[in-house]
Amino acid sequence: MASRFDHVVIGAAHLGDAADIVEARLGADLTGGGKHPLMSTHNRLMRLKEGYLEVIAIDPDAPVPGRTRWYALDSPETVGRLADGPRALCWVAAVDDIEQAAASCGYECGRIIEVTRGDLHWRLTVADDGSLAKGGILPALIEWPLGVNPVAMLPKSGLALAGLKASHPEPAMVMNCLDRLGLGHLIEITEGAPSLAFFFDTAGGKILVA
């Protein structure tokens, strides 16, 4: 199946504070982003060597959306985690045919929805209850129908995703699903309670965001 890494998602309780923390930790600036009226969230973005990094939070100035927000941002568990600072939530894989990928990836990745932000338009898998596939260890799927994503609009940061580190009670199942997508090489997984972290190659060395 044709798929590739698109971006990692870091959740935040307050976008401005979290952006400052992430920038200081990684030694690079979050330069892009905007608002998502459909979900009443807003974000900041950073270009990586391949793909990008997203910091996302509930937009306090937006009305309550007519559905549960994506990335488990309405989950009490997620709210509790983010109260202590920005945390790794999940990651996203880009596909050329999202219907085919969702049908053959081997896991419940959510319903395909249409999203816009400014001039950008994309299709993304989101669970009706906003939950993340296997706690975010398995990726959401995204399709950029116009072939345009935010990366071209962002300046180079000098950072690269070095890989993902995870644990799950059924690591073989997780790897089977990722191998179907052709993305198993990106992750190191062990058996244990669900967890997810991102490794970044930075000017100051390898940095872990969990």
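Author: Strand β1 (residues 3–11) and strand β4 run parallel and are joined by five bridges. Helices (H or I, at least four residues) and strands (E, at least two) are DSSP runs, numbered from the N terminus, and two strands pair if DSSP finds at least two bridges between them. This is a predicted model, in which local features need pLDDT of at least 70, side-chain atom pairs count only at pLDDT 80 or more, and totals for chains, interfaces and linings use all residues. Residues are numbered from 1 along each chain as its sequence is written, and side-chain values use heavy atoms, with hydrogens and water left out.

Reader: Which strand pairs with β4 in the antiparallel sense?

Author: That is β3 (residues 41–47), which pairs with β4 over seven bridges. In β4, L53 has M46 opposite it, and V8 also stands opposite L53. The hairpin of β3 and β4 has four residues between the strands, and there G51 takes a positive phi near 75°.

Reader: How many residues of β4 are buried?

Author: Six of the seven residues of β4 (residues 52–58) are buried, where buried means under 20% relative accessible area, exposed means over 50%, and partly exposed lies in between (1.4 Å probe, protein chains only).

Reader: New topic: how large is the largest cavity?

Author: Its volume is about 110 Å³, a volume being the space filled by probe spheres set on grid points that are joined across faces, edges and corners. A cavity is a set of points on a 1 Å grid over the protein atoms alone where a 1.4 Å probe fits but cannot get out, and lining residues have an atom within 4 Å of a point. Of the 15 residues that line the largest cavity, H36, N43, Y52, E54 and W122 are the closest to its centre.

Reader: Which strand gives the most to that lining?

Author: β7 does, with three residues, while β3, β4 and β7 each supply at least two.

Conventions:
On a 1 Å grid over the protein atoms alone, a cavity is a set of points where a 1.4 Å probe fits but cannot get out, and a pocket is an open set with protein on both sides within 12 Å along at least five of seven lines; lining residues have an atom within 4 Å of a point.
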